[in-house]
Amino acid sequence: MLLNVTVPLSVDFDRPEDFLIFIFHIVFATSAALVAGSVVVGILCTRSLRIQNRFVFMLNTSISDVLTGVSVFYVGIFDVDEGYPSRNSTFYIVPSFLGINVLTFLFAQIDRYLAVCHPFFYNRCVTRSFVIGVCAFSWVYTYTMLAVLNLVPLSKAMQIRAFGVLVLQLIVVTKVLMTIKLYVIVRKQLVREPPGADADSKRESLRIVIFVVIIFLVLWCPSFFNIIVRQLTGRGLKFRNEATNLFAILARMNALVTPAVYLWGSPALRGAVWRWKRGCGPTHRVR
């Protein structure tokens with residue numbers, strides 16, 4: 001006897017907006033995967049970028065963004081609810097991609113602060129291997145916690161998740177304070193540095209980090225606060241599924257916006273991606 005394992009679609013297509021929601025998720029998933037994927041390939045294929053710590057952080061978040069974009073082909077098209085209790089869920093694997101970005105952005109902010117304010121310590125201690133290890137830690141920590149959540153009983157999982165939300169609150173506060181600190185550095189300290197390639201690189205990297213973190217918080221915090229309200233009061237806003245969850249859609253928009261900001265803010269990365277695309281184009285015959 002065959003079991004029916006078909007997952008229904010996220011919308012019923014009985015209203016005009018259902019078609020818009022369905023098409024939106026297909027277009028968004030494709031765009032996020034392509035833009036973030038271009039950043040990943042551009043960095044991996046360019047040695048001058050791979051050896052710089054700031055591009056290692058960009059690579060880490062962009063890999064997460066590619067996976068987020070690809071995952072929308074499931075969570076955006078089919079009837080999926082990642083809450084408690086869940087329905088057709090990914091065992092919270094997909095929402096955890098944003099958690100990886102939260103940790104990576106925090107580490108990137110600390111990295112830029114040390115690079116500008118404590119350059120001697122930074123050049124001596126913060127090596128490329130150390131940064132790669134920090135990025136790897138963001139994945140190991142996130143999915144170790146996720147494995148625990150999926151293995152323990154539901155009551156314990158909800159307690160652990162509440163603790164995780166508390167930790168995220170502390171991280172968010174730290175990120176806001178670090179963003180303010182980095183902004184002050186850009187306004188004061190870097191202005192006094194003599195013109196040069198090193199100063200320009202520091203300004204560029206700091207501005208990208210500040211801009212990306214601000215956009216990330218703006219898009220992600222509504223979902224974060226709704227989760228807190230639902231856990232503390234049991235009220236909050238409840239949506240039919242992930243495809244119609246406006247807060248989750250805003251949070252996932254980071255998967256497209258973040259790599260786009262990287263390309264906009266870094267001429268070196270933009271040039272690397274452009275060279276890669278030209279190299280993958282059709283070969284022209286020399287006359």
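**Close-up views of the predicted model**

**View 1. The largest pocket.** The largest pocket has a volume of about 1200 Å³, where a pocket is, on a 1 Å grid over the protein atoms alone, an open set of points with protein on both sides within 12 Å along at least five of seven lines, and a volume is the space filled by probe spheres set on the points. Its lining comprises 45 residues, of which Y92, P95, R161, V165 and I227 lie nearest the centre; lining residues have an atom within 4 Å of a point. Two or more lining residues come from each of helix 3 (53-75), helix 4 (93-117), helix 6 (128-151), helix 7, helix 9 and helix 10 (246-252), and helix 7 gives the largest share, 9 residues. Helices are DSSP runs (H or I, at least four residues), numbered from the N terminus. The model is predicted, so that local features need pLDDT of at least 70 and side-chain atom pairs count only at pLDDT 80 or more, whereas totals for chains, interfaces and linings use all residues. Residues are numbered from 1 along each chain as its sequence is written, and side-chain values use heavy atoms, with hydrogens and water left out.

**View 2. The largest cavity.** The structure holds 1 cavity of 30 Å³ or more, a cavity being a set of points where a 1.4 Å probe fits but cannot get out. The volume of the largest cavity is about 130 Å³, and among its 15 lining residues F57, M58, A108, V209 and Y262 lie nearest the centre. Helix 3, helix 4 and helix 9 each supply at least two residues of this lining.

**View 3. The salt bridge between R240 and D12.** The side chains of R240 and D12 meet in a salt bridge at 3.1 Å, N to O, the term requiring a side-chain nitrogen of Lys or Arg within 4 Å of a carboxyl oxygen of Asp or Glu. Because R240 lies in the loop between helix 9 and helix 10 and D12 in the segment before helix 1 (16-44), the pair ties together parts that are 228 residues apart in sequence. R240 is partly exposed, with a relative accessible area of 40%, and D12 is likewise partly exposed at 48%; buried means under 20% relative accessible area, exposed over 50%, and partly exposed in between (1.4 Å probe, protein chains only).

**View 4. S223 in helix 9.** S223 lies in helix 9 (residues 197-233) and is buried, with a relative accessible area of 15%. Leaving aside neighbours within four places in sequence, S223 is in contact (heavy atoms within 4.5 Å) with F247, A248 and A251.
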